[in-house]
Amino acid sequence: MSGPSRDAVMAALEAVEDPELRRSIVALNMVRDVAVDGGAVTVDVALTVDGCPLKDVIHERVSAAVRAVPGVEDVTVLLGAMSDEERHRLRHGLAGSERTSPFAQGSRTKVIGVASGKGGVGKSSITANLALALAADGHAVGVLDADVYGYSIPRMFGVHRPTVMMDDLILPVEAHGVRLMSMGFLAQDDSPVIWRGPMLHKALTSFVSDVFWDDPDYLLIDLPPGTGDVSLTISQLIPSAHLVIVTTPQITAQKVARRAAAMAARVGMPVVGVVENMSHFVAPDTGVRYEVFSGGGGELLAAELGVPLLARVPLEADVARAGDDGLPVVAARPGSPAATELVRAARAVVAAVGVPAPA
Ligand SMILES: Nc1ncnc2c1ncn2[C@@H]1O[C@H](COP(=O)(O)OP(=O)(O)OP(=O)(O)O)[C@@H](O)[C@H]1O
Ligand SMILES: [Mg+2]
């Protein structure tokens with residue numbers, strides 16, 4: 001029986017994407033050679049970096065694609081690495097070399113910072129779930145973890161591997177279909193990151209400008225608690241950013257959140273809405289609803305700011321559990337009361353900030 005043509009194999013390889021660059025490996029010049037000997041095919045692939053953490057994924061994708069070509073009986077995938085010069089050329093083909101914010105004027109990406117005046121109200125959980133809900137609706141999504149000292153995005157997405165560098169370009173870590181950047185991918189261990197103000201500014205600038213975000217539809221920014229320097233830096237790098245404010249029902253938390261709104265006004269970021277988190281508790285066995293915290297803080301704050309209350313997310317053990325397990329609740333327990341509210345919140349955000357023009 002005759003083997004496949006080289007063209008047929010190449011056509012199959014066209015459809016294989018590099019998991020981090022989201023481009024065809026053929027277009028990226030990663031396919032060095034294709035040899036066809038009867039039904040046996042050998043593909044020589046040059047990885048963008050030596051020891052690429054996703055080499056197994058690439059290996060798997062290439063073998064599966066080639067195996068599906070009629071006439072192929074056996075596939076061998078050889079993995080090598082690009083030379084410095086090849087990588088350099090590729091890096092410059094992907095992004096310009098001057099370090100400017102890709103989200104400055106003229107960017108198609110809608111940027112939404114998730115803020116609150118107080119710690120521990122659920123900013124990171126809301127950010128992670130909004131990201132997954134947007135991705136599930138077919139949008140391209142990035143998450144920038146601006147909580148440089150107290151990062152939690154790697155844990156919530158269940159990824160801890162270091163980022164891959166392409167020359168001076170940092171490739172975001174992709175998990176559950178979302179592009180992520182966090183200090184947690186760069187820090188050596190779990191020891192706290194102690195940085196002074198100027199270094200914080202530098203780190204955030206790098207997270208915005210040196211990362212190959214590749215113009216997602218939405219970029220969510222998990223802001224640290226408080227109203228300090230980070231928001232100011234973000235507003236300078238991304239003047240078009242919007243804010244979602246997270247609060248809990250208690251009136252005291254609402255007062256703190258009001259400070260976040262004052263901060264928004266100071267840095268000129270429009271608030272698109274309020275998410276009330278830990279709103280109530282629905283007993284899973286009886287379905288009885290308990291108002292654990294009194295106050296109606298979300299509604300009060302939204303009314304005060306003249307913005308919509310986007311959602312009221314219940315207190316649910318699954319929200320915390322899914323966060324610890326690395327799969328946010330909208331994916332881990334779709335249809336649960338919390339997941340339903342979070343999807344509603346994501347769609348309300350889209351309605352408020354709009355859908356970007358096609359790429
Ligand atoms: N709706 C919810 N139901 C149950 N647990 C929740 C809910 N929202 C958040 N949590 C839990 O509360 C804790 C704090 O949440 P999270 O880390 O998202 O808050 P944060 O505002 O980002 O905190 P920080 O200010 O420290 O960054 C986490 O353990 C999280 O799993
Ligand atoms: Mg957080």
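Mentor: A residue counts as near a molecule if one of its heavy atoms lies within 4 Å of it. The model before us is predicted, so local features need pLDDT of at least 70, side-chain atom pairs count only at pLDDT 80 or more, and totals for chains, interfaces and linings use all residues. Residues are numbered from 1 along each chain as its sequence is written, chains are lettered from A and ligands numbered from 1 in the order in which they are written, and side-chain values use heavy atoms, with hydrogens and water left out.

Trainee: How many residues surround ligand 1, and which are the closest?

Mentor: Ligand 1 is surrounded by 17 residues, and the closest are Gly120, Lys123, Ser124, Ser125 and Asn277. To sort such a shell, one counts Ala, Val, Leu, Ile, Met, Phe, Trp, Tyr, Cys and Pro as nonpolar, Asp, Glu, Lys and Arg as charged, and the others, Gly among them, as polar. Here the shell divides into eight nonpolar, six polar and three charged residues.

Trainee: Which element gives the largest share of the shell around ligand 1?

Mentor: Helices (H or I, at least four residues) and strands (E, at least two) are DSSP runs, numbered from the N terminus. The largest share, three residues, comes from H4. The protein chain has 12 helices and 15 strands.

Trainee: How many aromatic pairs does a search of the whole structure find?

Mentor: Rings of Phe, Tyr and Trp (its six-membered ring) pair if their centres lie within 6.5 Å; planes under 30 degrees apart are stacked, over 60 edge-to-face, and the rest tilted. The search finds two pairs. Phe103 and Trp213 form a tilted one, with 6.5 Å centre to centre and 55° between the planes. This pair links distant parts of the chain, 110 residues apart: Phe103 is in the loop between helix H3 and strand E4, and Trp213 in the loop between helix H6 and strand E10.

Trainee: Is Phe103 buried or exposed?

Mentor: Buried means under 20% relative accessible area, exposed over 50%, and partly exposed in between (1.4 Å probe, protein chains only). Phe103 has a relative accessible area of 1%, so it is buried. Trp213 also counts as buried, at 1%. Of the 359 residues in the protein chain, 53% are buried.

Trainee: What is noted about the phi of Arg22 and of Asp167?

Mentor: Most residues other than glycine have a negative phi. Arg22, although not a glycine, has a positive phi of about 50°; Asp167, also not a glycine, has a positive phi of about 55°. Arg22 sits in the loop between helix H1 and strand E1 and is buried at 15%. Asp167 sits in the loop between strand E6 and strand E7 and is partly exposed at 31%.
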